[in-house]
Protein chains: 4
Amino acid sequence: MNNTIYINTNKNQDLAEKYAQIRKHSEEICKPLATEDYVVQPVDDVSPPKWHLGHTTWFFETFILLPHFPGYQLFNPQFNFVFNSYYETVGARVIRTDRGNLSRPSVAEVYQYRKYVDDNMNRYLTGNSYTAAIEPLLQLGLNHEQQHQELLLTDIKYILGHNPLFPGYKENGTPKYADAAAVKMIAVKEGIYQIGFNGSDFCFDNELGRHKVFLNDFEIADRLVTNGEYLQFMEAGGYSDFRYWHSEGWEWVKQQQVKAPMYWYFIDGKWMHYDFSGLTDIDWNDDVCHVNFFEASAFAAWKGMRLPTEAEWETASEYFNWGRRWEWTNSAYLPYPGYKKEPGAVGEYNGKFMVNQMVLKGASVATPMGHSRKTYRNFFQTHLKWQFTGIRLAR
Amino acid sequence: MNNTIYINTNKNQDLAEKYAQIRKHSEEICKPLATEDYVVQPVDDVSPPKWHLGHTTWFFETFILLPHFPGYQLFNPQFNFVFNSYYETVGARVIRTDRGNLSRPSVAEVYQYRKYVDDNMNRYLTGNSYTAAIEPLLQLGLNHEQQHQELLLTDIKYILGHNPLFPGYKENGTPKYADAAAVKMIAVKEGIYQIGFNGSDFCFDNELGRHKVFLNDFEIADRLVTNGEYLQFMEAGGYSDFRYWHSEGWEWVKQQQVKAPMYWYFIDGKWMHYDFSGLTDIDWNDDVCHVNFFEASAFAAWKGMRLPTEAEWETASEYFNWGRRWEWTNSAYLPYPGYKKEPGAVGEYNGKFMVNQMVLKGASVATPMGHSRKTYRNFFQTHLKWQFTGIRLAR
Amino acid sequence: MNNTIYINTNKNQDLAEKYAQIRKHSEEICKPLATEDYVVQPVDDVSPPKWHLGHTTWFFETFILLPHFPGYQLFNPQFNFVFNSYYETVGARVIRTDRGNLSRPSVAEVYQYRKYVDDNMNRYLTGNSYTAAIEPLLQLGLNHEQQHQELLLTDIKYILGHNPLFPGYKENGTPKYADAAAVKMIAVKEGIYQIGFNGSDFCFDNELGRHKVFLNDFEIADRLVTNGEYLQFMEAGGYSDFRYWHSEGWEWVKQQQVKAPMYWYFIDGKWMHYDFSGLTDIDWNDDVCHVNFFEASAFAAWKGMRLPTEAEWETASEYFNWGRRWEWTNSAYLPYPGYKKEPGAVGEYNGKFMVNQMVLKGASVATPMGHSRKTYRNFFQTHLKWQFTGIRLAR
Amino acid sequence: MNNTIYINTNKNQDLAEKYAQIRKHSEEICKPLATEDYVVQPVDDVSPPKWHLGHTTWFFETFILLPHFPGYQLFNPQFNFVFNSYYETVGARVIRTDRGNLSRPSVAEVYQYRKYVDDNMNRYLTGNSYTAAIEPLLQLGLNHEQQHQELLLTDIKYILGHNPLFPGYKENGTPKYADAAAVKMIAVKEGIYQIGFNGSDFCFDNELGRHKVFLNDFEIADRLVTNGEYLQFMEAGGYSDFRYWHSEGWEWVKQQQVKAPMYWYFIDGKWMHYDFSGLTDIDWNDDVCHVNFFEASAFAAWKGMRLPTEAEWETASEYFNWGRRWEWTNSAYLPYPGYKKEPGAVGEYNGKFMVNQMVLKGASVATPMGHSRKTYRNFFQTHLKWQFTGIRLAR
């Protein structure tokens, strides 16, 4: 994981290069796609790739170019309606479940939109209008783009991995894992610890307010749960024994008739899974992936353990490797002490989601380089499993 | 409306040419589309254009080539799963509401599929394996393709006409109408009449069984209701007076908050509508279009009239012009006396839908040439209005 | 079945007695109930018994006493909101699905309401204000009460028969049937026949307009399908073979996982059913009951036959016994030629339901005496089966 | 609020008396009800009063009498199916949404059931079979009964308060409030505090594990938000300004068209509310009631404050009065450090609900005497508002 942050520069040229580099990466992610793959939305939580490409562009246009670059002309005034995600401040928008119904703007038009905005951003960043006061907004826009790079990958996987033809995305040679070593539990002593961001680089507002927490003695695993261990849970009847599940999770299991992680298919007597190369054998030593909070909790209960809290995870994180899976914690996504929403549309970024979601720590194989840190607070609802999510045990 | 039927020939070469001509027309309909337009399914009743192109091809492959052309190899064995519409006889299929979630097969692959099947059909029809016994199946396949040509147009209109950018399909110069003449009522005397098909050309099985019906004296309008007349109904409060509506229709009006035909938009103080050239002014003398059975019935009730029955319509049809709108009747879609489903998958074509739908007579501007006759029994559910449907009054 | 009609009298005293007699019968039906049984609404289509008792009373209060009996004071002005069923003309009302949420008015209050209205009706009918012009309304009110007497029985059966304790309603000694004779088919010749009501007694407006119909040759069974015959259909896999079903019916079978008529339970290796005495053995020679239109059609298709039309049924009805089951026909519920809705609330009685329902002919064991005739047009939606419905075959 | 706990005694006679006293209180709550009021379930979250009476009885029968009282005979073996709430360990059960469909067992039978179980409990507690090892279970059963006493009151209020006739429950003379004093903020210094139960009396398992927490400086209001203050929020447009709401809360407001707390009705130009005496004027100085978490959070945001966490509340609770409203906190309902579910059915009591709910602290006017303590962790989902819930501000 390359944690180098290039953003924090006071040279405009560097900023413009960084901007170009990050923007280009989004397009590279989409290179292997057929035009048709850009369009569909098989479930509400998955957005069409062309929507991601347009929405991240709209962010720069709406929050930077339009208010700050004199003389900027909108590419298309109706795109605000199409590409606004959830900013009530910025007006009406296509409802989220309808994104997959829009054949237009076409993919080509979306790329033209990107080029138009990128050209203007380049002129803006390297010209006289740019002032350092804009940098936080720019950083937010770039980190926002990086978040959508991860979503592009998870959504592409969903679109291709649920197609009955199981088309591959690219032959990326999923790395092979050596035999998983026996898990070791790292012990941490009770005491006052500090969590939250206190650096000078970029972070999201929800990480701010480094603060003290009191932790009891705890132990946390030095590695993630593997596919093989998860299979044991399945074969031990984990999905049919209510005792391991939250009440709401058990309803979910019964109603959806869940039997395995997402992308696992039982074919001709054995479990296979879809990964980006197509339908393939499962590497049993690899970290289990695509489980939701209910499943992560049930697995931990079956093991007689539990999930760590986010404070435990952050405190212990220097003693283990992380970054291959977003790791479910047993902490609800709530504001840190002293958290304040910023005024205006940017204030809608994080705060309004602080209810009925759980925190995930770490990063995943889909997280872009330079976009991970131990204070990062990712969050999803408890039933969702299309992200690259995994399980680390604690007790 | 060109009612000439070319199908009924005993020369193979002619058949092959007719086949090619009809097949080509489907592709011509799709020419103005962007690739993205082929993919989406904004509501359950609308299928993605690429699905129509694949499904009609699958029909020829499944019912003609596979059982009757020795040595035929399937283009792709998984396509049966993707392109079967509702034939339980032929195995599992993608559920109808999921068609818009499939980015693959790509549009290019669907066109390859068409070419592969068309090449084989040409070899089959002009070769030795073809026998006249197959002709009814071939005719069914071609008429099936023509039905989907109309659906292609209605579905394309839905896809583009519900996109917030209102892209045009083609500049086809909607014909302008002279002032609508005052409507005249055609009087028909009571007596025994005959309805149903008795020719030697192709017809669907639901038209068969020409039979006697007893009709009372009735009168039927010589022309369709216009946009201007429908606007009067709207302005007289037709959508807010329950007395004109069926109970089920009234629930639909209230729940959907319906105020106008489909594709009508109230913009800057006036009603406009989407037609294939984009968002345009309404021609008030043109026939009202895109109303459902509930609306057609309510309009008739407001006028103190009623809709004709299918027997009345067919009996009187020689005395008026028809073919621009599918005309709602007040007849439920039920079997004619002596109706028999054919055995096998082909028997699923019509019979199993004979409940809770209403008959529409005539044809529309979207109906392909050579695909209309007065005995045709079109049918849709009472809430649907995305077809080119209109209103003719009776009393 | 006693078909004598007492209604048509010109003596006020007789009318008052008839009124009292019919009103009393509704209360006798409810005698075996516990207070709690009056209150619940296990599914939308079933109304709580106390609602039936109140609603039929509201009908007399609203349409007769209030407009026609000088000085009449409403029992409780809020009862219009509670007991209006579907008359839009008469104002707002509790939505149908909420009837089972109302613990008040209590059962005792409903009986007080009945007594209050009955006392006033008696004074009205035997006093000077009554004029013969009111008689059609009175007859409608009494026939309306009789319709709800049948609904009371079907709804009580649903309430008790779906309770896990299966409480009995009363020990009425279901009559035992002799061995069912082999079915005979009655042949009717093609020709012009007349159907519809033309007597001088009461009938509903939907029966009016006696008119000619042309019928082809047909045959109709002299008796209903028995439980034993229906069991053969079940054991032959009728519920798992799509070929016998309408498309919409097949969806219903799969979604609801239907395996048998309503009230049949498979217990310890044999089929039993709930009848009014509790959970009991099935009499295999008795007429099958509680099947919906989809099941009736599927059974007929399995037999290689069909359901009769309503015109066939009415024409042939003098040649067979009827009255134990409402018999599904293959006729949609549509207006007879010349049908006109009456103005005002009474006009909402029948006409607005003439869409997406099927006609049932005859009467049932739950129909009150004096409330059946061969021209009666009962109607229900195709998925409903809590009425006492049965099957007569035709071909 | 009487916080005396009588439970913890080692004399059987005292236990039996305590049992009798608590059990009697449930029946006293129901005294003002009509039989019909015991039966209905207007929304899923509200259970019929007779179900509460039966379910609490079932708890003693199932967990104490059946396993521990030799020779005990079940009152009715089918009652396990009817009165089990959510204990998967104990077998199948009527689904929660169906409770209001059961007219039987009758109210009289439920009271007989109570008497039968109470008589047996009395014989058991005063006899030789009873051993001190059972006391924790007994205490749990009694506390469980007390929880359902509060639910009885909230559910009765819902049943009567949503009836269009607004019947009163009893004339209990809601106490009048003096003018609300200006709110004072109580300041608490940062540091390590301890929360959780550590007494010797009864508590629920979710309160156990007294543990240290680190708190930052905070301030908390000395009184609850009043109806008058909440009205200001409403009149300032609080329900139409998305900025105060969580994203999920804003969806709820829009979808449900919420405008006020539950039981508030805008009648003839002024706000009134339903309380147990019927539809009455609102005392503007009384604590606001029947708001959900979304509303409590939005109100706090409008005030520029926030809700307290449960640790803050518990730490500061000795400095303010509490007990009239369950007070929403901004803490998710999650396990305390070291929390362990007990084995068997009793272990299903609390742990399996520890997801997607928020903690409420304090008690309410509906909480029975002897059933409140500052460590109590009540919890509900964020959209629910039929409990007696209120708002205390913090910052």
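This report describes the domains, the sheet, the core and the chain arrangement of a predicted model.

Local features are reported at pLDDT of at least 70 and side-chain atom pairs at pLDDT 80 or more, while totals for chains, interfaces and linings use all residues. Residues are numbered from 1 along each chain as its sequence is written, and chains are lettered from A and ligands numbered from 1 in the order in which they are written.

## Domains of chain A

An automatic or database domain assignment supplies the domain bounds, and chain A is divided into domain 1 (12-161) and domain 2 (185-390). The C-alpha centres of domain 1 of chain A and domain 2 of chain A lie 27 Å apart. Their contact takes 20 residues from domain 1 of chain A and 16 residues from domain 2 of chain A, where two residues are in contact if their C-beta atoms, placed from the backbone, lie within 7 Å. On the domain 1 side, helix 5 (residues 135-161) of chain A gives the most, with 11 residues; helices (H or I, at least four residues) and strands (E, at least two) are DSSP runs, numbered from the N terminus.

An unreviewed UniProt entry places the feature "domain: DinB-like" at residues 21-150 of chain A; UniProt positions are given in the numbering used here, feature names are shortened, and annotations may be inferred rather than shown by experiment. Over residues 21-150 of chain A the chain is 54% helix and 0% strand, and the end C-alpha atoms are 16 Å apart.

In chain C, four strands form an open sheet in the order 10-9-8-11, with mixed pairing. Strand 10 (378-380) and strand 11 (389-390) of chain C stand at the edges with a single partner strand each, so one side of each is left without a neighbour in the sheet. Two strands pair if DSSP finds at least two bridges between them. Within this sheet, C:Glu327 stands opposite C:Gly390 in strand 11 of chain C.

| Partner of strand 8 of chain A | Sense | Bridges | One bridge pair |
|---|---|---|---|
| Strand 9 (residues 358-362) of chain A | antiparallel | four | A:Trp328 and A:Leu360 |
| Strand 11 (residues 389-390) of chain A | parallel | two | A:Trp326 and A:Thr389 |

Seven of the seven residues of strand 8 (residues 326-332) of chain A are buried, so this strand is largely enclosed by the rest of the structure; a residue is buried if 20 or more other C-beta atoms lie within 10 Å of its own, exposed if 12 or fewer, and partly exposed in between, with C-beta atoms placed from the backbone. A:Trp326, A:Trp328, A:Asn330 and A:Ala332 point one way from strand 8 of chain A, and A:Glu327, A:Thr329 and A:Ser331 the other way.

## Nonpolar core

The largest nonpolar core has 357 residues, and those with the most contacts inside it are A:Ile391, B:Ile391, C:Ile391 and D:Ile391. Such a core is a set of buried Ala, Val, Leu, Ile, Met, Phe, Trp, Tyr and Cys residues joined through C-beta atoms within 7 Å. Not counting residues up to four places away in sequence, A:Ile391 touches several residues, among them A:Leu224, A:Val288, A:Phe299 and A:Trp328.

## Arrangement of the chains

Chain A can be laid on chain B with an RMSD of 0.0 Å by a turn of 180 degrees and a shift of 0.1 Å along the axis, the superposition being by least squares on the C-alpha atoms of residues with pLDDT of at least 70 in both. The two copies are thus related as by a two-fold rotation axis. In chain A, the C-alpha nearest the axis is that of A:Glu36, 3.0 Å from it. Because 100% of the interface residues of chain A are also interface residues in chain B, the copies meet through the same surface.

Chain A and chain C do not touch, their nearest C-alpha atoms being 14 Å apart; chain B and chain D do not touch either, with their nearest C-alpha atoms 14 Å apart.
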